[in-house]
Amino acid sequence: MKADHYDSFAERYAAENESSLLNAYYERPAMIALAGDVDGRRILDAGCGSGPLTAALSAKGAVMTGFDSSPAMLGLARQRLGASAELHVADLSKPLPYADGSFDDVISSLVLHYLEDWSAPLAELRRVLRPGGRLILSVNHPTVTVVTQPAEDYFALRQYSEDYEFDGEPAVLTFWHRPLHAMINAFISAGYRVATVSEPEPSPDTPRELLPSRILSGEKSAFLSFIFFVLEAN
């Protein structure tokens, strides 16, 4: 996708993000939980979108900086965050406008799966982290495509597109599938130690009407959608 792809549906995506099961009650609570106590920590939100995760961590005492490749999404983030976070238009596939070792943590929420190459972005995020800093990230769970695209090769690095509906309007998102071992190898090659791998349950605050029937019935306690990592910079 082009860097500004989200511009065409930024407001609709942001509205969906505020209250959807996958964003508001699954991905975002999991990222906040993995971040833990962030009071006073310098955190970069790499691909901040309209800023909900930046705002949540700022409210917990983090000193937040964020960037996004979509000017429209960043405009929404500025409306939300005001002067509480430093925000830039930047592209994770290119060098970032931050000095070496600027941050205690980097969070990257559902961003890397848009990129074919992970080596340069992971190296750049490693550069702006202090030694021992954390990269906390989420991406599409690679095993989901085994169900949704059974004829495709799980082990191949490949591009695919999916149809979505944001606030009642259609949109197409294009991702890169990579198998789990390729993810882990990319992290290690970029100089990270894998500290945590998480496949969480939805938040206990999730409204019942949003939960899948298998969870409501007690048959299951969780579902697969995204996978979460905490990486430590060596």
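Let me start with a term: two strands pair if DSSP finds at least two bridges between them. Keep that in mind for what follows. One caution: this is a predicted model.

Now the first pair. Strand β1, residues 42-46, and strand β4 run parallel, joined by three bridges. Take D45 as an example. Its bridge partner in β4 is I107.

Stay with β4. The strand spans residues 103-109. Is β4 mostly covered, or open? Mostly covered: seven of its seven residues are buried.

Next, the other neighbour. Six bridges join β4 to strand β5, residues 129-140, and these two also run parallel. Here S108 has L137 in β5 as its bridge partner. How does the chain get from β4 to β5? Through helix α5, residues 119-128, in a right-handed β-α-β crossover.

On to β9, residues 226-233. This strand pairs with β5 in the antiparallel sense, over seven bridges. In that strand, E232 stands opposite R134.

Helix α7, residues 180-189, lies across β5, β8 and β9. Its angle to β9 is about 20°.

Now put the strands together. What is the order in the sheet? It reads β3-β2-β1-β4-β5-β9-β8: seven strands, an open sheet, mixed pairing. At the edges sit β3, 85-89, and β8, 192-198, each pairing on one side only. From one strand to the next, the twist averages 20°.

Strands of a sheet pair through backbone hydrogen bonds, either parallel or antiparallel.

Note on methods:
Residues numbered from 1 in each chain as written. Predicted model: local features only at pLDDT ≥ 70, side-chain atom pairs only at ≥ 80, totals over all residues. Heavy atoms only, no water. Buried < 20%, exposed > 50% of the residue type's maximum accessible area, 1.4 Å probe, protein only. Helix = DSSP H or I, 4+ residues; strand = E, 2+ residues; numbered from the N terminus. Right-handed = clockwise from strand over helix to strand, strands pointing away. Axes fitted to C-alpha atoms, helices over the stretch in contact; angles between N-to-C directions. Contact = heavy atoms within 4.5 Å.
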